Amino acid sequence: MLRTVNRVLTALAGLVLLALGGAVLAVGFDAPAPSWWVHQGPHDVLLSNAERTRWREAGWWWPVVIAGLAVLLLLALWWLVAVVRRRRLTEVLVDTGDGEGATLRGRALEDVVAGEADRVDGVERAGVRLTGRRDAPAARVRLLLAPHVDPGTALHDLTTRALSHARDSANLASLPAEVQLRGVKHGAERVN
């Protein structure tokens with residue numbers, strides 16, 4: 001969902017900036033401006049004295065402006081944090097049992113789990129992404145299933161083989177997983 005929000009907000013901001021910039025550029029080159037447009041010519045100022053001081057005496061104006069800007073700032077900060085935050089777990093902390101710890105690259109564990117999930121009967125393709133914290137990872141698994149496969153059987157094989165082996169090999173207490181199952185699209189079979 002975040003990827004969609006990011007794309008929509010970026011597209012809207014780009015369209016607004018492109019339209020405003022194009023309109024200001026057109027008026028700057030003496031193109032005729034509509035009567036409602038802010039600028040009427042290339043030497044016109046952005047805000048006149050009358051426009052800047054228009055709402056100065058109204059007691060509600062500045063609180064509304066400040067509240068609106070605060071909401072915009074909070075939305076922009078939320079968007080920035082959501083975009084910058086890492087989605088993928090880069091390393092997993094492995095308890096070696098001797099008081100020391102070892103780290104395992106997250107991509108390596110993802111590749112191993114995906115490779116083992118690919119070998120489950122009827123799985124056409126598997127994708128794995130680790131999320132969570134270093135000491136408590138979680139897995140997001142996407143399986144693309146062949147048309148003849150029972151999803152329950154494929155899910156059972158995944159949890160008892162690939163995820164169980166990953167949990168045991170990394171010496172984790174648990175490895176919660178969210179599994180998304182999709183079927184391969186295929187054409188109708190021809191009957192003679």
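Glutamate 91 is partly exposed in this predicted model, with a relative accessible area of 26%. Its partner is arginine 134: the two form a salt bridge in which the closest N and O atoms are 3.3 Å apart. Arginine 134 lies in the loop between β3 and β4, whereas glutamate 91 belongs to strand β1, residues 91–95, so the pair ties together parts that are 43 residues apart in sequence. Arginine 134 is also partly exposed, at 38% relative accessibility.

How many salt bridges does the structure hold? There are three. Arginine 133 counts as exposed, at 54% relative accessibility, while aspartate 135 is partly exposed, at 49%. The remaining pair I shall mention is arginine 167 with aspartate 168, where the N to O distance is 3.8 Å.

Three strands form an open sheet in the order β3-β4-β5, with mixed pairing. Its edge strands are β3, residues 123–133, and β5, residues 177–183, each of which pairs on one side only. Neighbouring strands in this sheet are turned by 15 degrees against each other on average, with direction ignored. Strand β3 and strand β4, residues 136–145, run antiparallel and are joined by 10 bridges. Within the sheet, arginine 125 stands opposite leucine 144 of β4.

Next, helix α3, which spans residues 61–84. The unreviewed UniProt entry lists residues 60–81 as "transmembrane region". In the model, the chain over residues 60–81 is 95% helix and 0% strand, and the C-alpha atoms at its ends are 32 Å apart. Which residues make the nonpolar surface patch of about 590 Å²? They are Leu73, Leu74, Leu77, Leu80, Val83 and Val84. Leucine 73, placed in helix α3, is exposed, with a relative accessible area of 51%. Leucine 69 lies in helix α3 as well, and its relative accessible area of 54% makes leucine 69 exposed. Between leucine 69 and valine 27 there are 28 Å in space, C-alpha to C-alpha, and the two are 42 residues apart in sequence.

Finally, two points of backbone geometry. Most residues other than glycine have a negative phi, and most peptide bonds are trans. Against that background, where is aspartate 30 placed? Aspartate 30 sits in the loop between α1, residues 2–28, and α2, residues 49–52. Its phi is near 65 degrees, a positive value in a residue other than glycine. Aspartate 30 counts as exposed, at 57% relative accessibility. Asparagine 171 likewise has a positive phi, of about 55 degrees, although it is not a glycine. Asparagine 171 is found in the loop between α5, residues 151–169, and β5. With a relative accessible area of 44%, asparagine 171 is partly exposed.

Key. Residues are numbered from 1 along each chain as its sequence is written. This is a predicted model: local features need pLDDT of at least 70, side-chain atom pairs count only at pLDDT 80 or more; totals for chains, interfaces and linings use all residues. Side-chain values use heavy atoms; hydrogens and water are left out. Patches are made of residues with over 30% relative accessible area and no salt bridge: like charges are joined within 9 Å, nonpolar side chains (Val, Leu, Ile, Met, Phe, Trp, Tyr) within 5 Å. Accessible areas come from the Shrake-Rupley method with a 1.4 Å probe; for residues, only the protein chains shown count as cover. A salt bridge is a side-chain nitrogen of Lys or Arg within 4 Å of a carboxyl oxygen of Asp or Glu. Helices (H or I, at least four residues) and strands (E, at least two) are DSSP runs, numbered from the N terminus. Buried means under 20% relative accessible area, exposed over 50%, partly exposed in between (1.4 Å probe, protein chains only). UniProt positions are given in the numbering used here, feature names are shortened, and annotations may be inferred rather than shown by experiment. Two strands pair if DSSP finds at least two bridges between them. Axes are lines fitted to C-alpha atoms, for helices over the stretch in contact, and angles run from 0 to 180 degrees between N-to-C directions.
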